[in-house]
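These notes are meant for a colleague who is opening this entry for the first time. Please look through the sequence and the structure before reading the points below.

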Amino acid sequence: MPLIHIKDVVKTYDMGAELVHALSGVSLDIEENEYVAIMGPSGSGKSTLMNVIGCLDTPTSGLYQFEGQNVGDLDDNELAEIRNRKIGFVFQTFNLLPRSTALHNVELPLIYAGMSSHRRRERAEEALTAVGLGDRMTHKPNELSGGQRQRVAVARALANNPSIILADEPTGNLDSKTGVEIMQLFSDLHTQGNTIILVTHEEDIAAHAHRVLRLFDGKIASDEKVESPLKYAQSV
Amino acid sequence: MLSLHDYSEGVKIALTAIRANKMRSVLTTLGIVIGVVVVTLMATVIEGLGTALDKSISSLGTDVYYLSKWDWFGGEWWKARNRKDVTVEEAEELRERFQLAEAVVPVVSTWQRTFKYKNRSVKGNVNGTVPEYEITSGVVPEEGRFFNHYESNAGRPVCIIGHDVAENLFEREDPIGKTIKISGYSYRVIGVFEKEGDFLGTGMFSKDTQAFIPMENFLKIFGTNRSIDIHVKMHEGLDKEDAKAEMIGTFRKIRGVPPGEENDFGVNTQDFLKQVFDSVVSTIGVVGFLITSLSLLVGGVGIMNIMFVSVKERTKEIGTRKALGARRSSILFQFLIEAATICVMGGLLGLAISWPLSLIIDEVLPSQMPLWVVGLSLSISIAVGLISGIVPAFTAAKMNPVDALRYE
Ligand SMILES: Nc1ncnc2c1ncn2[C@@H]1O[C@H](COP(=O)(O)OP(=O)(O)OP(=O)(O)O)[C@@H](O)[C@H]1O
Ligand SMILES: [Mg+2]
């Protein structure tokens, strides 16, 4: 059983005058511990696909099974629970709470998981240390560099030990050197057994992945294994 | 289900948000602040009036009748004007002929006399009476003593003064044994009454601004041409109506009122104070209730507005929280708590303002802000917060996570 099973998924936005087909019949399986890069021109439906996979959005039609479970059958609270426990999001714009410390930002998913304050503090500290921010825990986002902010976001995505990390252009707002640092984190996570799906525009970012999926006009144009994925050490 | 974590997280978020928008939050609570100030001050005033009423009632004494040329409450003053004056002699005759009374006490008053000590002076009423006044009034001086029969019969120039008179003339000095001037005549202070408070300007029933001197002395100094009051206190355990009828009958005979004609005097009791009190309290209550409701309504609308703004501003945050696993209920709760917290702060601000004001009221009308009104104010604040926060919070809770995340 694949971790993610998507069959003939369509996502249509009704804009009144016209229908926008963001996804028009996507089928795809992703196994555990895969490292997938999704590429494609702007407007090709990459973010829409990520949102469907992340249970943030529901397809107009088609089947989506997560860990064998039919996502269309789940109610709002069950979807929230999946997002909380199974999925870690990393956004292009970081989406950190500006007035909260790094530590509190990382604690957020743990709060919604109902973890005791003592344990979640421990977990959050662990996650921040893992992304190399052990000495920046009490800093607020505006006291951190862009790369550090994105690392806080990665720590937040990791905090609840999700089965899958979804990153929509995680390096889009970073310079190439900091981007590489973030990619190093993802490679490490992948080595440790995480499943990673990331959207990117840049070929050399996608080169870190083990599988590259190309979207065009809401359809999968190509789906290729990468023979020898780039190790972060090589790209520096 | 909501967990404790939701709760503490909610409060934390609320405080962070409020701290980030201090001025806005304070202005928003203005309606709540005014509402709470009005409610608490209203309760304080009513409480103070109640205390003053109790004091006045007890200073007038229960089971005490006040026979007078005038009717205190109701009655027809233009008729009363033509009545014969009530005299000291009539009081003396009533005391001899009416056996059901424990005490029959003549009291004669003159208003707006000047009390002087050293270079300080105040104005107030002077009353001439007899030692049994202690029985009909049910009050003994807080310091010193009332005058005795010897001083009374001899018309000694001694006086017992009310609390305000003592305070104004003597400040920190001990008044007892000092000599003051009343309308230029010297009197030795032998007693001071405790503070009673003024019930609605019915100052004539509060001893605070008055002085009491022996009747004999009063008549000598201030003349005999005034109609007096007669305070009649009945013995315990009598049938009240019978005793009253007997008293009226006796006094009619003394005054020579022919049978079948109506009394040519007023028979007053303290009951009227209660009626005045009730009507005043209900007026204050209605006005206070209207002002409070109005300001709470305005406050509630303000809170609702600011919560809509807050929800809008934090759309992206809501999206993020949902992406991280926040349920609708968590988001709903977060914004409800925020609204309630703003309102509670408004409530506390209101209390912080009304507390010193209540101390000022206390100076004029001895009173204390009742504790229940503090609890009530905070409960009302929370309720306003929850009610006006519910719609914005619901808007936030039902946001679609993707749309919220896309919001710029
Ligand atoms: N909420 C929406 N309402 C209407 N149209 C939408 C909405 N979301 C996405 N679309 C449309 O769906 C299509 C796919 O959008 P999507 O965001 O998935 O593209 P993308 O591949 O992520 O592009 P980019 O690389 O620019 O991020 C676009 O044409 C977009 O205009
Ligand atoms: Mg996109």
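1. Buried area is the accessible area, taken with a 1.4 Å probe, that two parts lose on being put together, summed over both. Between chain B and chain A this area is about 2300 Å², and carbon and sulfur atoms give 56% of it.

2. This is a predicted model, in which local features need pLDDT of at least 70 and side-chain atom pairs count only at pLDDT 80 or more, while totals for chains, interfaces and linings use all residues; side-chain values use heavy atoms, without hydrogens and water. Residues are numbered from 1 along each chain as its sequence is written, with chains lettered from A and ligands numbered from 1 in the order in which they are written.

3. Counting contact as heavy atoms within 4.5 Å, 24 residues of chain B meet 26 residues of chain A. The rule for a salt bridge (a side-chain nitrogen of Lys or Arg within 4 Å of a carboxyl oxygen of Asp or Glu) finds two across this interface. Arg327(B) forms a salt bridge with Glu81(A), where the closest N and O atoms are 3.2 Å apart.

4. Ligand 1 lies between chains A and B. A polar side-chain atom of Ser42(A) is 2.5 Å from an oxygen atom of ligand 1, and an N or O atom in the side chain of Lys46(A) is 2.7 Å from an oxygen atom of this ligand. On its own, ligand 1 has 640 Å² of accessible area (Shrake-Rupley method, 1.4 Å probe), of which the protein covers 74%.

How values were computed:
Near = heavy atom within 4 Å. Polar contact = N/O pair within 3.5 Å; in protein donor to acceptor, adjacent residues only side chain to side chain.
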